[in-house]
Each structure stands twice: as C-alpha cells, then as structure tokens.
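Subject: Handing over a structure

Dear colleague,

I am passing on a structure that will be new to you, with the sequence alongside. My notes on what was found in it follow below.

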Amino acid sequence: MQHLVSVESPYGNITHKNAAMKSLRGLFYGGFFLLLISCSSEDRPSWVLGHDQMVEIMKEFYLADAIVQEYKGDLETKRKYREKLHNGILELYELEREEFFKSYQFYIDHPYLFDTITNQVVEELNAQVPVEKERMSKEAVERLKTKQDSVAKAKLKAGASEVEE
C-alpha cells in the first residue's frame, strides 16, 4: 500500500505526489518562459548588423529587385544587373557582401527577429507606395504641362512663320 503525505496549502490539501507534479510543471513552464524570452530578445553578437540598419538595407534590396523585374533583358543580364545594384547598396552602407550575408544568416537562424525585420520592411514599403504614387502623379502632370507648353510654343512659332511668308 502506498502512503501519501498530505500537506495543507492555501489551495487545498495537496498530496506528496500532487506537489511533485506541480513542482515539475512549474519548472517546465518556467523553463519554457525563459526559452521564449531568450528567443525574442535582441541579444545578438556585436558583428551582427542592427535591426534598423537591416530594415533599411532590405528595403533598398526589395526596391532594387523591383527595378530589375521591370528591366528588359535575359535572365543572366537581369542577374548581373541585380548583383550590381545590391553591391551598390552595400557600398552606400560601407559594408562588405560577406558582412551583410553573415548578419542576414544570423537573422534567418532567429526567426522571431527575422520576422520583426521583414514585417517592418513590408510595412514601411507599403506606407511609401501612396507617397510615391502621389509624387509620380505630380511629376506626370508637370511633364504633361511642359509638353503642352512646348506644343503651344511650336504652334505659335509655326503660325508666326506662316504669317511672315
């Protein structure tokens, strides 16, 4: 026959077996919580590029990729053009290709951190679209006005030269 020790607690009577199970469960949940905290913290080695810098570089890369998609040419030409644009972006940030991709791999290996970066990139690019559309619309209107002015001036010149003849 098994003897169980009964302990009074504010939560009622707990047998020795129940107390052990509750302790194990508490250790499990505590360990799980610590694991979550360590995975979600931004503790990263000093050689890894910071969150904000990764966001800015990745935004530039996505915009460069969009330009390459619109570029006319075969796949090899597009690949070379994309590489040239990416290298130019890295030069602007004074980074070596290996330095960036080591940091990129770090973030890939830490999905929570990578998700926060990619979510911010998408959010910022989406916010930029209406502003860009408005700017492009204003430029298009200005080009149209300039073209109309040029046409009107050309007609005036043509009309003036006909009158002189």
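Helices (H or I, at least four residues) and strands (E, at least two) are DSSP runs, numbered from the N terminus. On that basis, R79 has its place in helix α3. Before going further, please note that this is a predicted model, in which local features need pLDDT of at least 70 and side-chain atom pairs count only at pLDDT 80 or more, while totals for chains, interfaces and linings use all residues. Residues are numbered from 1 along each chain as its sequence is written, and side-chain values use heavy atoms, with hydrogens and water left out.

The protein chain contains five helices and two strands, and along the sequence these follow the pattern β-β-α-α-α-α-α. Of its 165 residues, 18% count as buried, where buried means under 20% relative accessible area, exposed over 50%, and partly exposed in between (1.4 Å probe, protein chains only). When contacts (heavy atoms within 4.5 Å) are taken between residues at least 6 apart in sequence, 61% of them join residues at least 24 apart.

Helix α3 covers residues 75-92, and its 18 residues reach 26 Å from the first C-alpha to the last, close to the 26 Å expected at 1.5 Å a residue; the expected span of a helix is 1.5 Å times one less than its number of residues. Within α3, K78, H86, I89 and L90 are buried. They cover an arc of only 110° around the axis, which puts them on the same side of α3, the arc being that of the directions from the helix axis to the C-beta atoms. K80, K84, E91 and L92, on the other side of α3, are exposed, whereas R79 is partly exposed, with a relative accessible area of 41%. The C-alpha atom of R79 is separated by 8.2 Å from that of V68, eleven residues apart along the chain, and V68 is among the buried residues of α2.

What do the buried residues of α3 pack against? They pack against α2 (51-70) and α4 (97-109). The 20 residues of α2 should span 28 Å at 1.5 Å a residue, and its end C-alpha atoms are 29 Å apart, which agrees. For the 13 residues of α4, the span should be 18 Å, and the end C-alpha atoms are 18 Å apart, which also agrees. In α4, F100, S103, F106 and Y107 are buried; they cover an arc of only 120° around the axis, which puts them on the same side of α4.

Both ends of α3 deserve a note. At its start, a side-chain oxygen of D74 reaches to within 3.0 Å of the backbone nitrogen of E76. In the loop between α3 and α4 lies E94, where phi is near 55°, a positive value in a residue other than glycine. Most residues other than glycine have a negative phi. E94 is also exposed, with a relative accessible area of 72%.

Finally, the residues lining the largest pocket include M58, F61, H86, R97 and Y104, and α2, α3 and α4 each supply at least two residues of that lining.

Best wishes

Definitions and conventions: Polar contact = N/O pair within 3.5 Å; in protein donor to acceptor, adjacent residues only side chain to side chain. 1 Å grid on protein atoms, 1.4 Å probe; cavity = no way out; pocket = protein on both sides within 12 Å on 5 of 7 lines; lining within 4 Å.
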